[in-house]
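Here is a friendly walk through one model, meant to be read with the coordinates open beside you.

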Amino acid sequence: MEGGAGKGLECQKTMDGKGSNGNGSEKAIPSCCLKAMASAPELEAKCHSTVVSGWFSESHSCSGKASKRVYFNNPMWPGEAHSLVVEKVLFKAKSEYQEVLVFESLTYGKVLVLDGIVQLTEKDECSYQEMIVHLPLCSIPSPKTVLVVGGGDGGVLREIARHSSVEQIDICEIDKMVIDVSKKFFPELAVGFEDPRVHLYVGDAVEFLRNAPEGKYDAIIVDSSDPVGPAQELVEKPFFDTAARALRPGGVLCNMAESMWLHTHLIQDMISICRETFKGSVHYAWTSVPTYPRY
């Protein structure tokens, strides 16, 4: 990289999990994303207060002037932005854990945003939900017990319910507001909660897994947010050790694993950890979700 900005911020291969003070009190940004910290967001950037730079930006039009589109820098998506026109904000509130936003977009229908990061849109949610569910459940014979970590919108539940062999679906979501908002604004996803096989637990999924009986689940599907902040522990070895204990022999775990175009070192770290933890094969799979940059 030329110039002073970015010197010493080359992408590192491993994550040390320590905060800036080195004592582990704060979670580090994934090492593969550190280089994106080199540049500050454009000073002229003006967008909705919950928009995170680099995920999506709002196009503004002024009378007599052409729309101006601005782009940002963000640690998870360096040098990129996906612009969605926000036609109407439908819901905005702060839960105990995060800010929850729902807006109507021009071309993607309703959009769910948590702490400024797009979680799903009506237009392309099916691609993500189908991939994260049917790939693992079709890889083992007749799965009967399934655990969903996160997934408060209900889309993963909807897809699991299509498998007639499944007898029990547990879901542990930490934020009840996400569930309530999804039931109100995204009924086509939240329909998953209506299946009688679903058992909902509102709380910390890590603690839930620690208390789960050994070998209880045929499959665990981790539908989490991006591995920054609280969700970072869901891509670290202690979590995978706990998940492995809760899986029966021959069971399968499917975990959201970021973009192969932007986060190769994070993916390498996860694959390495999983190969140490699980006895079976470990693979990375990819699909196309337009509103997730480079997915």
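In helix 6, Lys 237, Phe 240, Asp 241 and Ala 244 meet Met 270, Ile 273, Cys 274, Glu 276 and Thr 277 of helix 7; a contact here means heavy atoms within 4.5 Å. By class, this contact has five nonpolar, one polar and three charged residues. Nonpolar covers Ala, Val, Leu, Ile, Met, Phe, Trp, Tyr, Cys and Pro, charged covers Asp, Glu, Lys and Arg, and the others, Gly among them, are polar.

This is a predicted model, in which local features need pLDDT of at least 70 and side-chain atom pairs count only at pLDDT 80 or more, while totals for chains, interfaces and linings use all residues. Residues are numbered from 1 along each chain as its sequence is written, and side-chain values use heavy atoms, with hydrogens and water left out.

Two packed helices are described by the angle between their axes and the distance between the axes. For helix 6 (residues 237–246) and helix 7 (residues 264–277), the axes come within 10 Å and cross at roughly 40°. Helix 6 is therefore oblique to helix 7, since angles under 35 degrees count as roughly parallel, over 145 as roughly antiparallel, 65 to 115 as roughly perpendicular and the rest as oblique. The axes are lines fitted to C-alpha atoms over the stretch in contact, with angles from 0 to 180 degrees between N-to-C directions. The crossing of the pair is right-handed, that is, the near helix is turned clockwise from the far one by less than a right angle.

Helix 6 also holds Thr 242. Is Thr 242 buried or exposed? Thr 242 is buried, and so is Ser 95; buried means under 20% relative accessible area with a 1.4 Å probe, protein chains only.

| Residue | Relative accessible area | Contacts |
|---|---|---|
| Thr 242 | 16% | Val 206, Leu 209, Arg 210 |
| Ser 95 | 10% | Asp 175, Met 177 |

Ser 95 sits in the loop between strand 5 (86–94) and strand 6 (99–105). Its C-alpha atom is separated by 6.4 Å from that of Met 177, 82 residues apart along the chain.

Now for the whole chain. The protein chain has seven helices and 13 strands, taken as DSSP runs (helices H or I, at least four residues; strands E, at least two) numbered from the N terminus. Of its 295 residues, 50% count as buried.

How values were computed
Lists of a residue's contacts leave out its neighbours within four places in sequence.
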